[in-house]
Amino acid sequence: MIAAQYKWNIKNVDQPSSEAQALAETEKISPIVAQILWNRGYQTPAAVHEFLNPGPEQLHDPNLLHDMAKGTARIEEAIGAGQQITIYGDYDADGVTSTSILYETLNEMGANVNYYIPNRFTDGYGPNVAAFQKLIAAGTQLFVTVDNGVAGNEAIDVANAAGVDVVVTDHHELPAELPAAYAIIHPRYPGAEYPFGGLSGAGVAFKVAQALREEIPQDMLDLAAIGTVADLVPLVDENRVLVYFGLQLLQQDERPGLQALMKGAGIKPEELTEQSIGFGIAPRLNALGRLVDATPAVKLLTTLDDTVANELAQETEQKNRHRQELVQQISDSALAQATDADHAQRPTLIISGHDWHEGVLGIVASKVVEQTGKPTLVVNIQDGRAKGSGRSVDAFNLFTALDGHRDLMTAFGGHHMAVGLTVPEAQLTALADALDVEAGKQKLTESGPSELPVAASVSVAAITPALFQELAKMAPFGTDNSQPLFAFESASLTQVKAIGKDHSHLKFQLQEGAHQLNAIQFGAGAHVPELTAAPDQAAVLGAIEDNVWQGRHSLQLMVKDLKLSAETVVDARTNRVHQAMFKDAGTYIFFHRNIFQQLRDQVPTGSQAILYDGTVQTALPTDTAVFVIDCPDATSDLETVLQQLQPAKVTAYLYKKESLSQLGMPTRAQYAKLFKFIATHQQVDVGHQLAELTKFLQIPRTQLVFMIQVFFECGFITIEHGMMNGVAHPEHKELTTAPSYQLRQQQVQTEADLLLCPSAVLKQRLHAPLN
């Protein structure tokens, strides 16, 4: 009844290998944790010890970074000469922390330094020619970019022409043609690869500060941790060290701005984790750059004035609340659009609107992907151009899909999972069609759900405070070091209820014998009826966390996914016939004779195919599986079939090649155009000249055939031997009285009932006749 959103790849670490047992004994850790680490590639005592015990000695020599010596020498030269240094940053959390790290470092070294955070809406990302020219005119003699620059060829050429050097510090993908910068400090520079290529922008800035100060800048670890977590870079190797110690500094941070920001976010320093950064601190720093100007974020992070810090924190909190409101408003519209007649059957989505704030469209796209499982572009249309962001799924490389269609866009960039783009409004339809074609090339619809690595399938009794403390040693968690997930497949669900202001969240208790474990899943409140009806058929997947309430600690499962093992109704709706539809034994139901005749030979041996004609003559065993191949003309027909057959399981393919809802009913103008044509033309060979007639009248073929049938049934025309002629002085009849017209209305309503509704609504509708 509830399908899993992910494919669970269970590693069975509850039965550790002999190698993991040996590691556990050597490092004095539990066998479960040893097996998790073994599965993640930590397979020697030294590797396990280093991972579980981050230390400053694990930080690499910053001078191993390409051009580090050259770049820092130029910065020191500028400091000695009193030259104006401008740190050119970025407007996201990684960018503002990077800027703050180098700004504070150069200030402490006595530099004449300022910073510039480009505006998302006027400057765009990275070095901007106009901004560089303005800063040079104001006195800048050396640029140091942070979290950007490797794609800033044009602006850097402008600086070079003006005699101003540019030191680039960046971590983004390197383009084919690198800029002519004085120095490029980058962990993945070709031919000079640093020992760890996964640094964030803040991580690279931290390494520059380390090289300049000739010691580890411990007071910058808090900023480095924020930028590293916010940018979703791998939390392994050097990044793990930065975040591990950065979190310790954040728990006792003396920065007035961060103190005020955390207070406003309700973050208690003693309970702060990497999740506090990811869901509390980073979104607030990002909110400024998404909505207006991110410059105050740097002021907030670097000020020593309590009053200024409180004012900036309040401003940031207000902007974050506004950002949340905008995301909610736009998401509601975007999700409604994603399931309408124009989008429901598409494998990819382009969602568009007017007066949508462009700074939050990436977040909205992520929400649509989460709800629909489809790669999604969300754009705002203004002045004839559509600008926005896209997010994808693991099985679909969004950058590759769009890269071959740059002729349809005026701006484009990104990577596998996320893109930004600008498209002429007139090209949106062509781009949507192109995306669907690319989905076919990448076999998106055949890929199935994304896979989740699962540590083990365990009993509730196995979840103890001791195990939690062992797992906590693996933190901080993030990219490439995900929090271990555990599957519970034999527990019952009790105390199932929806919580939250809008009852959108799910809370329950896992019960197994005398053992219980509280669980919560955000956004899953709608599952309450199904889980309550089948509490013993659920399988639950989640991470173990420490829940603190009024000073009391208890273990809680944060649910990542769940499923009901025995689904009564499977939503497999499709707009194309594929071989997988006919692989299982059962009874195959058809509602249209032409489809029945085309596909009945595909039904597997030992199964039967039934064409429904108002009754079902065959009696079926109660354990029979039924496969509904095509979409009926009336919802009641399907309900009657299910009520009569009472199958144990229903798989609803509901195939329909062309959506009548999307085509719509013919307009009055189209009817008038056809009527006028009939009045002035005789002996029209509709059997052979339909294509020409479609082109002449500019009415879609399917629509025109339907209109001719309606006219025929109303007695407005005759058709003999394929020749159409108008009837002189026909009897007045309303078009709505034609059987074809009434059937079309019924089919459109059936599509709304069965094809355009959310999956949960379809399952509920088909489950009802089975009771």
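This is a predicted model: local features need pLDDT of at least 70, side-chain atom pairs count only at pLDDT 80 or more; totals for chains, interfaces and linings use all residues.
## A guided tour from pocket to loop

Begin at the second largest pocket, which holds about 690 Å³ of space; a pocket here is an open set of points on a 1 Å grid over the protein atoms alone, where a 1.4 Å probe fits and protein lies on both sides within 12 Å along at least five of seven lines, and its volume is the space filled by probe spheres set on the points. Residues are numbered from 1 along each chain as its sequence is written, and side-chain values use heavy atoms, with hydrogens and water left out.

Next, select α20 (593-599), α25 (701-714) and α26 (739-754), each of which supplies at least two residues of this lining; helices (H or I, at least four residues) and strands (E, at least two) are DSSP runs, numbered from the N terminus. Coloured by type, the lining shows nine nonpolar, seven polar and six charged residues.

Move to helix α3, residues 45-52, and select Val48, Phe51 and Leu52, its buried residues, where buried means under 20% relative accessible area with a 1.4 Å probe, protein chains only. Looking down the axis of α3, you will find these residues within an arc of 90°, so they line one face of the helix; the arc is that of the directions from the helix axis to the C-beta atoms. They pack against α1 (18-27), α2 (31-39) and α10 (237-250), contact being heavy atoms within 4.5 Å.

Now select strands β18 (residues 538-549) and β19 (residues 552-564), which run antiparallel and are joined by 12 bridges; two strands pair if DSSP finds at least two bridges between them. Valine 548 stands opposite histidine 553 in β19, and in the turn of this hairpin, which has two residues between the strands, glutamine 550 has a positive phi of about 55°.

Finish at histidine 729, in the loop between β27 (723-726) and α26. Histidine 729 counts as exposed because its relative accessibility is 81%, the cut-off being over 50%. Phenylalanine 716 is 13 residues from histidine 729 in sequence and 8.5 Å away in space, C-alpha to C-alpha.

Terms used: On a 1 Å grid over the protein atoms alone, a cavity is a set of points where a 1.4 Å probe fits but cannot get out, and a pocket is an open set with protein on both sides within 12 Å along at least five of seven lines; lining residues have an atom within 4 Å of a point. Ala, Val, Leu, Ile, Met, Phe, Trp, Tyr, Cys and Pro count as nonpolar, Asp, Glu, Lys and Arg as charged, and the others, Gly among them, as polar.
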